[in-house]
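Me: Please take a close look at a single part of this structure, with the cut-offs given for each term. I would like one connected account.

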Amino acid sequence: MVKDSQVYDSDGNVMYPIDPRKAMILDLISVNNGVAYTDNKVNVKIFSYGKDWLSGNCAWSKLETFGLLDNIDGCEFAHNCPLQTGDLDLKLPLDLSSFAAIVNTLASNKPYQLEVRMYDYNQGSGHEEIACVVAQIRFSEGN
């Protein structure tokens, strides 16, 4: 369970709006009420907010990522394994440069919603979902 989160730049300053082209540190205050996780996979969905072209109503619309944000190796990407049980204060270094094809298509100063789902890939698991975080953010303008 995620209790709180904050994004920092590489110098330790709060980063908001978020610049996905720069390395960042995600600080997650959380609790693991399950087992220790030595392997996990993550799926990320991105939504943009705006007027739906069919209905004319404002809504969150899923952006197509063509599977590039599916089955990300959470341990390798975030360097967060093993995830022990109990209270956790995770400082996760995130570098999204490998996802430049997606990041570069996102408009600055527009609201986005990220849905991040983590799955248990411990040996012998049924790949159950163990965490879900939804965050509404804004990306900064590029330099």
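Reply: The structure holds one aromatic pair; rings of Phe, Tyr and Trp (its six-membered ring) pair if their centres lie within 6.5 Å, and planes under 30 degrees apart count as stacked, over 60 as edge-to-face and the rest as tilted. The model is predicted, so local features need pLDDT of at least 70 and side-chain atom pairs count only at pLDDT 80 or more, whereas totals for chains, interfaces and linings use all residues. Residues are numbered from 1 along each chain as its sequence is written, and side-chain values use heavy atoms, leaving out hydrogens and water.

Y121 is placed in the loop between β7 and β8 (strands are DSSP runs of E, at least two residues, numbered from the N terminus). Y121 is partly exposed because its relative accessible area is 25%, between the limits for buried (under 20%) and exposed (over 50%), with a 1.4 Å probe and protein chains only. Over the face of Y121 lies K41, at 5.3 Å from the ring centre; for Lys, this requires NZ within 6 Å of the ring centre and within 35 degrees of the ring normal. Leaving aside residues up to four places away in sequence, Y121 touches D39, N40, K41, N71 and H127, where contact means heavy atoms within 4.5 Å. Y121 and D73 are 48 residues apart along the chain, and their C-alpha atoms are separated by 9.5 Å.

The loop between β7 (111-120) and β8 (129-138) also contains G124. G124 counts as exposed because its relative accessibility is 81%.

Terms used. Helix = DSSP H or I, 4+ residues; strand = E, 2+ residues; numbered from the N terminus.
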